[in-house]
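Hello,

Here is the structure I promised to pass on to you. Please have a look at it, and then read my notes below.

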Amino acid sequence: QLLILIQNDNMSTSEALSLLTCASCRKPELFGVKLKFCTACHLVKYCGVECQREHRSMHKKACKERAAELLRCSTANITAASDDGGGKLSKLSRNEVNHDELARMVENGDIDTDRIIFASSQTVTLPSSLSDGADLESAVNEAKLIADRRMVLQQAHLRFSCLARMSYNSGLDFERYYRDLYEDILKYHDVWFDKLFNVDNVDPTPAEFTTGILGTLCTILRQRGDLEECTEVMKTYMAVLKRYQQMTEGCGSKAQVDCCEGLTFKANIIRLNLGVQIEDRAMAMTA
């Protein structure tokens, strides 16, 4: 497993070891030993709380930088807990979290990364014009349905954004979340495409993130030789990419246009390679 990680991901030996062994005691993830990622940064693994505490001084700087980066890109509610229950941290816990402000506090050392917990809840916003009864219940159910879809995307994107370069060799730890996202889109197709991927949405990032994740899932399947399944995932992948392209047309954001062009180029490469493997000349030529 170590040799495969280095060979396929162009990683150094030390980088590969950090993913396969406890960062403190170097115990390998073998023979029933289950390592867990640092919950703040997801950069290193530990076999237990004691090892995490012992390694804290060496890991603190990198952990703080990566945690701040993740906080800025996160769309989930964040619960921050303090030891004494007072100060800035307590105020942030009670109110809607300003992710940029929280990230700055992490960078400045006002909040230790071991005090940050990524919560599974989502903020649900309802129209103010709703009446009591059936209308309100229907709106609540719809809002919760959309919030649940966002959580599925966030769980996949958190793994993708932290460790995308090693996703092919990370076992089922990350592929499972990519599959969960794909299967959720199939199950709740109308919610995804009518709400999250709607061309009139101001924010195209759900389509952007999903395109990148599904492209990675296609690559995993293609490289493994699961060509039939890859072909099926490709259909949803291209449909989401098309929506993302429509959402970025005339959006006025050069960063989003450049990102869309990059993801389109990546999709063409994946389709070309898949077309060659399954001997689909039309797919390869159009790519």
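A helix here is a DSSP run of H or I with at least four residues, and helices are numbered from the N terminus. By that count, helix α10 covers residues 205–224, and R222 is part of this helix. Please keep in mind that this is a predicted model.

First, the chain as a whole. It has 287 residues, and 41% of them count as buried. Its secondary structure comprises 13 helices and 4 strands. If you take the contacts between residues at least 6 apart in sequence, 61% of them link residues at least 24 apart. The accessible surface is about 15900 Å², with 51% of that belonging to carbon and sulfur atoms.

Let me start with R222. Beyond its neighbours within four places in sequence, R222 is in contact with L227, C230, I270, N273, L274 and Q277.

Now for R179, which sits in helix α8, residues 172–187. Setting aside residues up to four places away in sequence, R179 touches L217, L221, R224 and E229. With E229, the side chain of R179 makes a polar contact of 2.4 Å. As for L217, this residue is 38 residues away from R179 along the chain, yet their C-alpha atoms are separated by 7.4 Å.

Enjoy exploring!

Best wishes

Notes:
Residues are numbered from 1 along each chain as its sequence is written. This is a predicted model: local features need pLDDT of at least 70, side-chain atom pairs count only at pLDDT 80 or more; totals for chains, interfaces and linings use all residues. Side-chain values use heavy atoms; hydrogens and water are left out. Helices (H or I, at least four residues) and strands (E, at least two) are DSSP runs, numbered from the N terminus. Buried means under 20% relative accessible area, exposed over 50%, partly exposed in between (1.4 Å probe, protein chains only). Contact means heavy atoms within 4.5 Å. Accessible areas come from the Shrake-Rupley method with a 1.4 Å probe; for residues, only the protein chains shown count as cover. A polar contact is a pair of N or O atoms within 3.5 Å; within protein, one must be able to donate a hydrogen and the other to accept it, and residues adjacent in sequence count only if both atoms are side-chain atoms.
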